[in-house]
Amino acid sequence: MWWALRPSLQHPTLELRAPDCCTFVDDSIAIAALYRALAHRLVRNPWLNADMTAVTRAIVVENKWRAQRYGVNGTFASADGGGAVTVAEALEQVLAEVAPDAEELGCSTHVTRCRAIVGAGTSADAQIAVFQAHEKNETRERALEAVNDWLAAATLQ
């Protein structure tokens, strides 16, 4: 988690490397709450993942790439050799694991909003859909303008 969540060098805070680019504020809050619950869980249980092997680390790197490449529609390689796991299945496992921490921190509602992100898709999914819808009957430039218009409207929600 170091490169996704790490102490700030300039402020008494943690830096989050993913939620700062969400279009919707509620999505940013949900992801930040999930990171907060994960960090709390790791502080409570410092021995978690202490037995990671080189193979397990390679699977983590592969899954991070899959998440970046395929988003919520992708799958993750299972560390236990059980085959592919959908993002929704992986999220449910994480939510179950961090539920006590989210409850203690008072952010359960925000954490569970991550289900809505997985269910409805990300802002990137919406941007691609807007582009493809406009590209069919309009120029590429107009399709890009439509994405820009969508982003401006969505960001103000």
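## Around Val111

Leaving aside residues up to four places away in sequence, Val111 touches Ala30, Ala33, Leu34, Ala37, Leu95, Val98 and Ala102, a contact being heavy atoms within 4.5 Å. Val111 also belongs to the largest nonpolar core, which has 21 residues; there Leu34, Leu91 and Val111 touch the most other members. A nonpolar core here is a set of buried Ala, Val, Leu, Ile, Met, Phe, Trp, Tyr and Cys residues joined through side-chain atoms within 4.5 Å. Two or more residues of this core come from each of α1, α3 and α5, and α1 gives the largest share, seven residues.

A second, separate core has five residues, among them Phe131, Ala143, Ala146 and Val147.

## How the model is read

This is a predicted model, in which local features need pLDDT of at least 70 and side-chain atom pairs count only at pLDDT 80 or more, while totals for chains, interfaces and linings use all residues. Residues are numbered from 1 along each chain as its sequence is written, and side-chain values use heavy atoms, with hydrogens and water left out.

## Helix α1

Among the buried residues of α1 are Asp27, Ala30, Leu34, Tyr35 and His40. Buried means under 20% relative accessible area, exposed over 50%, and partly exposed in between (1.4 Å probe, protein chains only). Their cover includes β1 (5–7), β2 (14–16), α3 (87–105), α4 (108–112) and α5 (114–120).

The structure holds zero disulfides, defined as pairs of cysteine sulfur atoms within 2.5 Å. Cys114 is buried, at 5% relative accessible area, whereas Cys22 counts as partly exposed at 25%.

## The whole protein

The protein has seven helices and four strands, running β-β-α-α-β-β-α-α-α-α-α from the N terminus. These are DSSP runs numbered from the N terminus: helices are H or I with at least four residues, strands E with at least two.

The C-alpha trace spans about 55 × 35 × 30 Å along its principal axes. Of the 157 residues, 27% are buried. The protein exposes about 10,500 Å², with 58% supplied by carbon and sulfur atoms; accessible areas come from the Shrake-Rupley method with a 1.4 Å probe.
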